[in-house]
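Let's take a walk through this model together, starting from a helix and moving on to rings and strands. Keep the viewer open as you read.

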Amino acid sequence: MIQFNNLKELMIQLSDEKVARQHMEEMRWGGNPFCPHCGSTAFYKLKDGKTYRCKDKTCKKDYTVTVGTIFENSKVKLTTWMAAI
């Protein structure tokens, strides 16, 4: 997990959207992603690198780390959100 002492350090370390998404995944899932729709831990990542697809036969929904959070459907980048929070 990324460590920082002030906003300037946070902005330097999370200046890339991919890094910010990885940081959020670590904070939310702790390295163990799960489907927010059914709770299944069986998944695979899609080619875009940020979307997961549930392997559960009754679910099979796509999701990202932002599903079910205030960031879902936001047009604001995660790097901006992290700085605002």
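This is a predicted model: local features need pLDDT of at least 70, side-chain atom pairs count only at pLDDT 80 or more; totals for chains, interfaces and linings use all residues.

Residues are numbered from 1 along each chain as its sequence is written, and side-chain values use heavy atoms, with hydrogens and water left out.

Begin with helix 2, residues 17–29. Helices here are DSSP runs of H or I with at least four residues, strands are runs of E with at least two, and both are numbered from the N terminus. The expected span of a helix is 1.5 Å times one less than its number of residues. At the start of the helix, a side-chain oxygen of Asp16 comes within 3.1 Å of the backbone nitrogen of Lys18. Just past the other end, Gly30 adopts a positive phi of about 60 degrees.

Which residues of helix 2 are buried? They are Ala20, Arg21, His23, Met24, Glu25 and Trp29, where buried means under 20% relative accessible area, exposed over 50% and partly exposed in between (1.4 Å probe, protein chains only). Their cover includes strand 1 (43–45), strand 2 (52–54), strand 3 (62–63) and helix 3 (78–84).

Now for the rings. The whole structure holds 6 aromatic pairs; rings of Phe, Tyr and Trp (its six-membered ring) pair if their centres lie within 6.5 Å, with planes under 30 degrees apart counted as stacked, over 60 as edge-to-face and the rest as tilted. Trp29 and Tyr52 have ring centres 5.3 Å apart and planes at 90 degrees, so this pair is edge-to-face. Because Trp29 belongs to helix 2 and Tyr52 to strand 2, the pair ties together parts 23 residues apart in sequence. Phe43 and Tyr52 are also edge-to-face, because their centres are 5.1 Å apart and their planes stand at 75 degrees. Tyr52 is buried at 3% relative accessible area, whereas Phe43, at 28%, counts as partly exposed. Trp29, Phe34, Phe43, Tyr52 and Tyr63 form one aromatic cluster.

Finally, the sheet: it is open, with 3 strands in the order 1-2-3 and antiparallel pairing. Strand 1 and strand 3 are at the edges with a single partner strand each, so one side of each has no neighbour in the sheet. Strands pair if DSSP finds at least two bridges between them, and strand 2 and strand 3 pair over 2 bridges. Arg53 sits opposite Asp62 in strand 3.

Methods. Contact means heavy atoms within 4.5 Å. A polar contact is a pair of N or O atoms within 3.5 Å; within protein, one must be able to donate a hydrogen and the other to accept it, and residues adjacent in sequence count only if both atoms are side-chain atoms.
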